[in-house]
Amino acid sequence: MAKVLVTGGAGYIGSHTCVALMEAGYEVAVLDSLVNSSADAIDAAGEIAGHRPRLDVADCRDESAVEKVITGVHPDAVLHFAGLKSVPDSVADPLRYYRHNLESTAVLLTVMERCGVRRIVFSSSATVYGEPDELPVPETAPTRPANPYGWTKLIIEQMIADVVRADPRWTAALLRYFNPVGAHPSGLIGEDPEGVPGNLMPYLLQVAVGRRPELPLYGTDYPTPDGTALRDYIHVMDLAHGHLAALEHLERSPGQLHTYNLGTGRAASVLEVIAAMREATGHPLPYQVHDRRPGDVAELRAYPAKARQDLDWSATRTLADMCRDAWAWQSTHPRGFR
């Protein structure tokens, strides 16, 4: 049984990936500071998979703590999710994002090298592309992030690429995913944002359970069929299995650096998501139209052919599946894990 360490494994995408890994037979250990996540997610992931993963509570910037965990676990690979992830927060406090995300990754890579663990899957983001020149967006598209969060992701990609180039014993996968939504079909784990949600679906879900009166809809004058922005939404379990496929690919392809888009290749508009969520929840989900937000683009969707070819992976779940599973989580956890 291969062992993997999942940093940030108590978070939204990390916890769902832990489930996919355990169901595939991996022995999973989690390193998480629990600053923006909950140990309840680890308990719930263990309930789904039939056994609870090991959890060590520590900050990835704490080198001695990270080394203690890695030497105790002896992982064959690391899946790196840990980091701050709010675009608006990164714009408001960029230095916090640069210090936290870059320092934590530098510490992690340093300890991995010292302990002889040289296989990593990095949870990157499509934010590295910024406003695209072409649609759908291939992995070869120019990278020009529009916010500090996106820049931290791109700089971390560069850090990992330089490590791999410097030492052929390293192998890495950089996964640029688009808009993860939904929840595990059991409803036991799901997205649990702190404060006001910055993304469409968790905000809609909080309207559905009565935590917020209406959705702010930013922009109805985009050059799209219904005037609202188009995004490539991917079910979080499809995304989790994409991480699993990338990990398995690294086991077969040592000494290389791989970059993959994880998305469906299809885009849904804000109004289409609202309609799908109304169908799933049975609630009216009122919204109030506002002006466009600075930096928002009309359309963003992935070209995922490389992941299909190399990883034998593709997203299979529909928008209706995403809304149904997200509602299964939110309706039974109206205030999240709190």
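Colleague: What order do the strands of the open sheet come in, and is the pairing parallel or antiparallel?
Modeller: The order is β3-β2-β1-β4-β5-β6-β11, 7 strands in an open sheet, with parallel pairing. Two strands pair if DSSP finds at least two bridges between them. Strands are DSSP E runs of at least two residues, helices are H or I runs of at least four, and both are numbered from the N terminus.

Colleague: Which are the edge strands?
Modeller: β3 (54-57) and β11 (257-262), each pairing on one side only. From one strand to the next the twist averages 15°.

Colleague: Before I go on, what kind of model is this?
Modeller: A predicted one: local features need pLDDT of at least 70 and side-chain atom pairs count only at pLDDT 80 or more, while totals for chains, interfaces and linings use all residues. Residues are numbered from 1 along each chain as its sequence is written, and side-chain values use heavy atoms, with hydrogens and water left out.

Colleague: OK, how many bridges join β5 to β6?
Modeller: 5 bridges, between residues 119-123 and residues 171-177. Arg119 stands opposite Thr171 in β6.

Colleague: Which helix packs on the sheet there, touching β5 and β6?
Modeller: Helix α6 (residues 148-166), which touches β11 too. Its direction makes about 165° with that of β5. Axes are lines fitted to C-alpha atoms, for helices over the stretch in contact, and angles run from 0 to 180 degrees between N-to-C directions. Contact means heavy atoms within 4.5 Å.

Colleague: Switching to the largest nonpolar core, which residues touch the most other members?
Modeller: Leu21 and Val28, out of 43 residues. Helix α8 (residues 236-252) gives the most to this core, with 7 residues. Such a core is a set of buried Ala, Val, Leu, Ile, Met, Phe, Trp, Tyr and Cys residues joined through side-chain atoms within 4.5 Å.

Colleague: What does Leu21 touch, not counting residues up to four places away in sequence?
Modeller: Val4, Val6, Tyr26, Val28, Leu79, Leu244 and Leu247.

Colleague: Last one: where does Arg292 lie relative to Tyr222?
Modeller: Over the ring face, at 4.2 Å from the ring centre. The rule wants NZ of Lys or CZ of Arg within 6 Å of the ring centre and within 35 degrees of the ring normal. Lys306 lies over the face of Tyr260 at 5.0 Å.

Methods: Buried < 20%, exposed > 50% of the residue type's maximum accessible area, 1.4 Å probe, protein only.
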